[in-house]
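Let's walk through this structure together, one residue neighbourhood at a time. Have your viewer ready and follow along.

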Amino acid sequence: MKYLCLLIALLSVCFQLNAQKSEFVFNKELNNLIALKEGASPYVFEVLLEEHTTSIKKPSTKRISEFYKKALVYADKARKDIEKIEQLKKELKLTPQKLKELNVSEVYNRLRTAERVLKNTKKYEIIPSNIIFQKHEDLKMRRSIFKPQNIVVGKFKYLGEYYVTKDSDGYKERNLISVANAQKNRLTNEQFFLQNVFQVIQNVRTNVIYMVYPDFLQKYPINKVASQKKYKGKISLSSNYSSDIDKKLDAIITSYNRSLLN
């Protein structure tokens, strides 16, 4: 029982660690204090999820019918059996016992039947044309957010790293393309609307998507700030502070750390 409890505890810790890697928690009060300390609001862009449906018409095709294929296999087996019989005749090994085992008359009957079926069966069948619908989802940079520290609040999941493309070479203006696909397609700075790599996150509750600079996810999420060396495990305020902002930051982080203990 003790080992079972230990295993459950370890799994729980692993789950929490995995969740922390892909989940960001933003606190409005903390956001505003960090922006105040930074001296400016962070740059955050709203991203639209555009859904498209395209249709592709597959032309009719001609293929060998399944029945004809089975008849071919049946005939081929009979021909191989007859080849075996003929070989035994040449080697003078076709004894009455062998004739009985091979059932020679039945083999020849099988071949005649198969050839008659092949002759009277349509070799090809027509597969009619059909239309296939495919759904596509595009991420598109919409606009910058005014005072995002008041907007980006709550739990967010991480969607990945993206570039923003120009309207060129088949790519649309301000569309997002993952870093992996950009590298795969060998895109260069000439094809990017902005040269930076952006991090894309999505609000877990509202599903609204935002695009941020990488340092935003290091400075603002309360769960990431609380995991920093100077804040990790801290549950009480220090004796003195260099500024009122630092004291308020500490108060929020220590309160968050205490909430994790409950």
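The paragraphs below go from aromatic pairs to a few individual residues.

A word on conventions: this is a predicted model, in which local features need pLDDT of at least 70, side-chain atom pairs count only at pLDDT 80 or more, and totals for chains, interfaces and linings use all residues. Residues are numbered from 1 along each chain as its sequence is written, and side-chain values use heavy atoms, with hydrogens and water left out.

Let's begin with the rings. A pair of aromatic rings is described by the distance of the centres and the angle of the planes. Here, rings of Phe, Tyr and Trp (its six-membered ring) pair if their centres lie within 6.5 Å; planes under 30 degrees apart count as stacked, over 60 as edge-to-face and the rest as tilted. Searching the whole structure turns up nine aromatic pairs. In one of them, Phe-45 and Phe-198 have ring centres 6.0 Å apart and planes at 85°, so the pair is edge-to-face. Phe-45 belongs to strand S2 (residues 44–58) and Phe-198 to strand S8 (residues 192–203), so the pair ties together parts that are 153 residues apart in sequence. Strands (E, at least two residues) and helices (H or I, at least four) are DSSP runs, numbered from the N terminus. Both Phe-45 and Phe-198 are buried, where buried means under 20% relative accessible area, exposed over 50%, and partly exposed in between (1.4 Å probe, protein chains only).

Now compare the pair of Tyr-163 and Phe-192, which is stacked, at 4.1 Å centre to centre and 5° between the planes. Tyr-163 sits in strand S6 (residues 154–165) and Phe-192 in strand S8, 29 residues apart, so this pair too links distant parts of the chain. Tyr-163 counts as buried because its relative accessibility is 16%, and Phe-192 is buried at 3%. Elsewhere, Phe-26, Phe-156, Tyr-210, Phe-216 and Tyr-220 form one aromatic cluster.

Next, look at Met-211 in strand S9 (residues 209–212). With a relative accessible area of 0%, Met-211 is buried. Leaving aside neighbours within four places in sequence, its contacts (heavy atoms within 4.5 Å) include Phe-45 and Phe-198, the two rings of the edge-to-face pair. Val-164 and Leu-176 are also among the contacts of Met-211.

Where does Thr-254 lie? Thr-254 is in helix H9 (residues 244–261), and its relative accessible area of 1% makes it buried. Beyond its neighbours within four places in sequence, Thr-254 is in contact with Lys-234, Ile-235, Ser-236 and Leu-237.
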